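Student: I have a protein structure open and would like to learn how to read it. Could we go through some of its features together?

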Amino acid sequence: MNLIALGGVIGAGLFVGSGVVIQSAGPAAVVSFFIAGLITVLIMRMLAEMTVARPALGSFYVYAREAMGNRAGFTVGWMYWYFFVIVVAVEAVAGGRILQLWLPNVPLWVLSLGLLLLLTATNLVSARSYGEFEYWFSSIKVIAILVFLVVGALYLFGVWPGSHGGVSNLVSHGGFAPMGIGAVLAAVVPCVGFYTGAEIVTIAAAESAEPRRAIAKAMRSIVFRVVLFYVGSVFVVVAVKAWNAPDTAVSPYAAVLDVLGIPAVATIMNAIVLTAVLSCLNSALYTSSRMLFALTRNGDAPKMFTKLSRSGVPRRAIIAGTFIGYVSVIAAYTSPNLIFQFLVNSYGAVALFVYLAIALAQVRLRKRLQNTDPGALSLKMWLFPWLSYATIALMAAVILAMAFLPSTRSQFWLSAVTLVLILIAYQVRKRRPAGPAATAETDASRGEAGVAST
């Protein structure tokens, strides 16, 4: 469970996408990643409080529904499902492109579909097989970052062969914040997106032996590790390599390894990034299927997706997400600049909408639980309610910033279109008569007993 939490956070965005942030903010990108990490830690603490108090299949989908009503639950659940089925496609295409470096004669769509088929088969076996694969994927990523931090520290202290030590690169190319404080704050927006995935552990907890204990332990440890891995490794990048060097923008970690004189840099980094991509693809298939399965419990998704295999796996829900992935991969091949580009932009802010909903739900459920079941609050949000309100304000500021920043404006508005379409779908769903199970669940959610029974 600890490695699933870490694996969800450490994606290809850290190894490749961080270069864009460094180019836009300079060495002060370290501050951008720290602020984004702080926001993520606060959101995760709020989610952990609800999960430890009331473990539930579907996690924050259930909490949003209980706290803010059926419409909010429906919207959060489907937004999150949509986010991860697009992640399936994006990561499959990214993995195919890396494999194509070693297999240049094989078409991209064949490699992408091959990765999808492999990890779909893994997820169809059992939840344990997902956990085993994610354990090894995450272990490789964590070991890679730890080794990077160690050799980077040796270089900065002048111990590494050929190094002179020091951190002069932090200020010798235009200063620590050469683009100004505004650029540093603007860079927080994409950084928050890099941290997306830590919440997967609360969904996986529903299938663990001791969900309360697993969540509490994972969330306590992730705070320190997120800061260490992201902020620490980005600090090593900007301290070892000039922030404005062209290769820093393309692949910052490979650029540092090149400075250190490590052979076969490109091959090493491609292998690590491929591992990160496969980890994200594996998690996306798992998470999208569990969220779709959870949506069926309240009549928010077709009941056909409730069917489980003998090993307890919602195979139809997995195949549904995989099918969307197949279609998206084909779109990446046939219409990369239109359909696939639309899909990529249409999910950019969706996860942030979900994070904001998590924060809003925590405030409401915390107040309710304090009155009905205070003993369940064994893991609490810090400095409630003021820090919760501050977190909501920070998330709202990040989302609004997306609407105004040129680099993220299209993602915000296309994600807003996704949100509107889901709200329209809810209105259609309301007009459809609910089944007996859905009706009972809806009735339960109207009172305080609904929270306790979850």
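This is a predicted model: local features need pLDDT of at least 70, side-chain atom pairs count only at pLDDT 80 or more; totals for chains, interfaces and linings use all residues.

Student: What is the phi of Ser 59?

Tutor: Start with the general idea: most residues other than glycine have a negative phi, and most peptide bonds are trans. Ser 59 is not a glycine, yet its phi is positive, about 45°.

Student: Is Ser 59 buried or exposed?

Tutor: The cut-off for buried is under 20% relative accessible area. Ser 59 has 0% relative accessibility, so it counts as buried.

Student: Where does Ala 264 lie, and what is its phi?

Tutor: Ala 264 lies in the loop between α13 and α14 (265–296). Its phi is positive too, about 55°, although Ala 264 is not a glycine. Gly 261, which follows α13, has a positive phi near 75°.

Student: How many residues of helix α13 are buried?

Tutor: Helix α13 runs over residues 252–259, and six of its eight residues are buried, which leaves the helix mostly covered. Among the buried ones are Pro 252, Tyr 253 and Leu 257.

Student: Which residues does a cis peptide bond join?

Tutor: The cis bond is between Phe 384 and Pro 385, with omega at about 5°. Look for Pro 385 in the loop between α17 (350–372) and α18 (386–404).

Student: Which residues have the most contacts inside the largest nonpolar core?

Tutor: The general idea comes from soluble globular proteins, where nonpolar side chains tend to be buried together. Here the largest nonpolar core has 149 residues, and Phe 15, Phe 33, Phe 60 and Leu 292 have the most contacts inside it. Helix α5 (residues 70–102) gives this core its largest share, 18 residues.

Student: What does Leu 292 touch?

Tutor: Leaving aside residues up to four places away in sequence, Leu 292 touches Trp 78, Trp 81, Ala 301, Phe 305, Ala 317 and Ala 320.

Student: Now the whole chain: how many helices and strands are there?

Tutor: The protein chain has 21 helices and zero strands. Of its 454 residues, 57% are buried.

Student: What is the radius of gyration of the chain, and how does 22 Å compare with a compact globule?

Tutor: A compact globule of 454 residues would have a radius of gyration near 22 Å, and the chain has 22 Å, so the two agree. Along its principal axes, the C-alpha trace spans about 70 × 55 × 40 Å.

Technical notes:
Residues are numbered from 1 along each chain as its sequence is written. Side-chain values use heavy atoms; hydrogens and water are left out. Helices (H or I, at least four residues) and strands (E, at least two) are DSSP runs, numbered from the N terminus. The radius of gyration is taken over C-alpha atoms; the globule rule is 2.2 Å times the number of residues to the power 0.38. Buried means under 20% relative accessible area, exposed over 50%, partly exposed in between (1.4 Å probe, protein chains only). A nonpolar core is a set of buried Ala, Val, Leu, Ile, Met, Phe, Trp, Tyr and Cys residues joined through side-chain atoms within 4.5 Å. Contact means heavy atoms within 4.5 Å.
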